Amino acid sequence: MAPPPSSYKDSPTAWAILAVGVFAYFSAVAQRTSFGVASVEAADRFHTAAAGLSMFSMMQVLVYAVLQVPVGVLVDRYGPRILITIGAVAMAAGQLQLAAAESVTGGVVGRILVGAGDAATFVCVMRLLPVWFSALKVPMLTQVVGMTGNLGQLFSVIPFAVLLHATGWVPSFVAMAGMCVLAAVLSGLVLRNNPPGVRVLNDSMSLASVRASMAESLKEPGTQLGFWVHFTVQFAGNTFALMWAYPYLQNAQGLDPTQASFVMTVYVVFNVVVAPLVGKLSARFARRRSALVLTFCLVAWSGWAVLLLWPGHAPIAVVYVCVCMIALSLPASMMAFDIVRAFNPPRRGGTATGLANVGGFAASLLAIYVTGLVLDLLYGAGISPRLYDGEAFRPAIAAQGVVALVGTIAILRCTHKVRKVHGPDAV
């Protein structure tokens with residue numbers, strides 16, 4: 001007699017599947033953040049200004065955001081295994097394209113492929129959690145997935161950065177493609193969509209049912225709140241890691257490449273250390289998550305305020321503290337998925353998670369563009385003596401505050417809607 005489906009929950013098989021899933025996400029985040037580490041070298045390789053350079057990350061983030069809802073629908077239909085595998089293959093192709101590219105257009109094509117593959121990873125890994133693990137473990141494992149992503153960024157900050165400076169552009173990006181190939185092979189061999197005897201996929205999903213699922217998810221105030229929480233909280237840390245960390249630290253704070261890499265190492269390690277605490281707070285104060293995320297957002301922007309208002313270069317100790325405050329936005333943004341999960345049934349879990357995940361990357365897209373635009377405008381008007389002038393970063397980064405303000409207002413409005421529909425203590 002086959003074991004009951006419940007016996008697979010929290011089993012060794014479940015942990016093996018989680019290990020492969022988080023490795024795939026580790027790889028995806030390493031690919032996602034690798035260009036930010038190489039942005040200074042990219043400016044020389046592609047002979048482009050700040051706005052042109054930002055196109056690499058903007059198109060990557062745009063494709064990622066646009067594909068979140070389709071991926072959410074597809075994972076509800078076909079399951080995580082095939083999508084994670086295909087995503088890893090797409091990222092490998094993108095990194096090989098970037099390695100060979102010698103023009104902005106060729107490089108952007110590579111980042112588009114990376115963004116597409118990346119888009120197929122996170123939502124699918126999150127889809128595995130409630131299927132293979134008990135409900136009490138899922139909030140903490142959500143943070144574990146986020147922590148693993150941060151370690152992927154750490155990989156790009158240290159080993160990839162060392163490889164880039166030691167061997168050059170082509171070998172380093174080819175090596176990153178090799179990591180994607182490994183993730184694809186492991187995902188195809190080990191991942192399973194669900195335990196034997198458990199039916200979680202919507203095999204009969206039609207266009208009409210997709211529209212209905214999306215409409216239900218969008219109508220749910222909890223999904224709307226999850227979107228705006230992710231929008232408002234995540235982008236501060238995400239934009240910093242994806243695009244502007246190294247140019248800012250080297251030009252605005254006067255750090256050399258080694259010092260900047262060490263600061264970013266601390267940034268990632270802090271994320272890993274604090275993520276379990278954020279997970280515990282999210283589980284313990286489930287009815288006060290809106291207040292928690294707004295507090296974390298305030299902390300992150302207080303860190304930016306100190307750096308932007310400090311005359312000249314801030315002391316290195318201050319830089320470390322403020323960068324850690326900014327880093328808090330990444331684990332805090334994972335609470336958006338706890339909110340979504342609390343107000344949506346499992347049958348539309350992928351769709352609702354995909355909708356919410358659009359938020360942070362849409363905000364990142366806006367913030368990356370605004371920062372590059374301000375830098376170019378100041379340089380073009382002759383106000384800044386060079387493109388990445390340290391003083392020019394003050395108004396360029398400060399302009400991102402508009403995105404945070406819009407998101408904060410939306411969180412307050414959506415919190416009111418959730419409490420009106422689900423009760424005053426709902427969130």
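Visitor: What does W169 touch, leaving out residues up to four places away in sequence?
Guide: W169 touches F35, A38, E41, A42, R45, F46, L98, A99 and L164. A contact means heavy atoms within 4.5 Å. This is a predicted model: local features need pLDDT of at least 70, side-chain atom pairs count only at pLDDT 80 or more, and totals for chains, interfaces and linings use all residues. Residues are numbered from 1 along each chain as its sequence is written, and side-chain values use heavy atoms, with hydrogens and water left out.

Visitor: How many residues has the largest nonpolar core?
Guide: The largest nonpolar core has 114 residues. F122, W169, F240, L249, Y267 and W304 have the most contacts inside it. A nonpolar core here is a set of buried Ala, Val, Leu, Ile, Met, Phe, Trp, Tyr and Cys residues joined through side-chain atoms within 4.5 Å. Buried means under 20% relative accessible area, exposed over 50%, partly exposed in between (1.4 Å probe, protein chains only).

Visitor: Now the voids. How many cavities of 30 Å³ or more are there?
Guide: The structure holds four. On a 1 Å grid over the protein atoms alone, a cavity is a set of points where a 1.4 Å probe fits but cannot get out, and lining residues have an atom within 4 Å of a point. Grid points are joined across faces, edges and corners, and a volume is the space filled by probe spheres set on the points. The largest cavity holds about 230 Å³ of space.

Visitor: Which residues line that largest cavity closest to its centre?
Guide: Y25, R32, N150, Q234 and L330, out of 21 lining residues. Helix 1 (12-37), helix 7 (138-167), helix 10 (221-251), helix 14 (329-333) and helix 16 (349-380) each supply at least two. Helices are DSSP runs (H or I, at least four residues), numbered from the N terminus. By class, the lining has ten nonpolar, ten polar and one charged residues. Ala, Val, Leu, Ile, Met, Phe, Trp, Tyr, Cys and Pro count as nonpolar, Asp, Glu, Lys and Arg as charged, and the others, Gly among them, as polar.

Visitor: Back to R32. Is R32 buried or exposed?
Guide: R32 counts as buried because its relative accessibility is 6%. R32 lies in helix 1. Not counting residues up to four places away in sequence, R32 touches Y25, Q60, Y64, R111, V114, D118, N238, L242 and F361.

Visitor: And what volume has the second largest cavity?
Guide: About 50 Å³. Y248, A252, Q253, L307, L308, G312, G390, F393 and R394 line the second largest cavity. Helix 12 (289-309) and helix 17 (393-398) are the elements giving two or more of those residues.

Visitor: Switching to open space. How much lies in the largest pocket?
Guide: About 380 Å³. A pocket is an open set of points with protein on both sides within 12 Å along at least five of seven lines. The largest pocket is lined by 17 residues, with R127, P130, R341, P346 and G349 nearest its centre. Helix 6 gives the largest share of the lining, five residues. The lining divides into ten nonpolar, four polar and three charged.

Visitor: One backbone check. What is phi of D10?
Guide: Phi of D10 is near 60°, a positive value in a residue other than glycine. D10 lies in the segment before helix 1.
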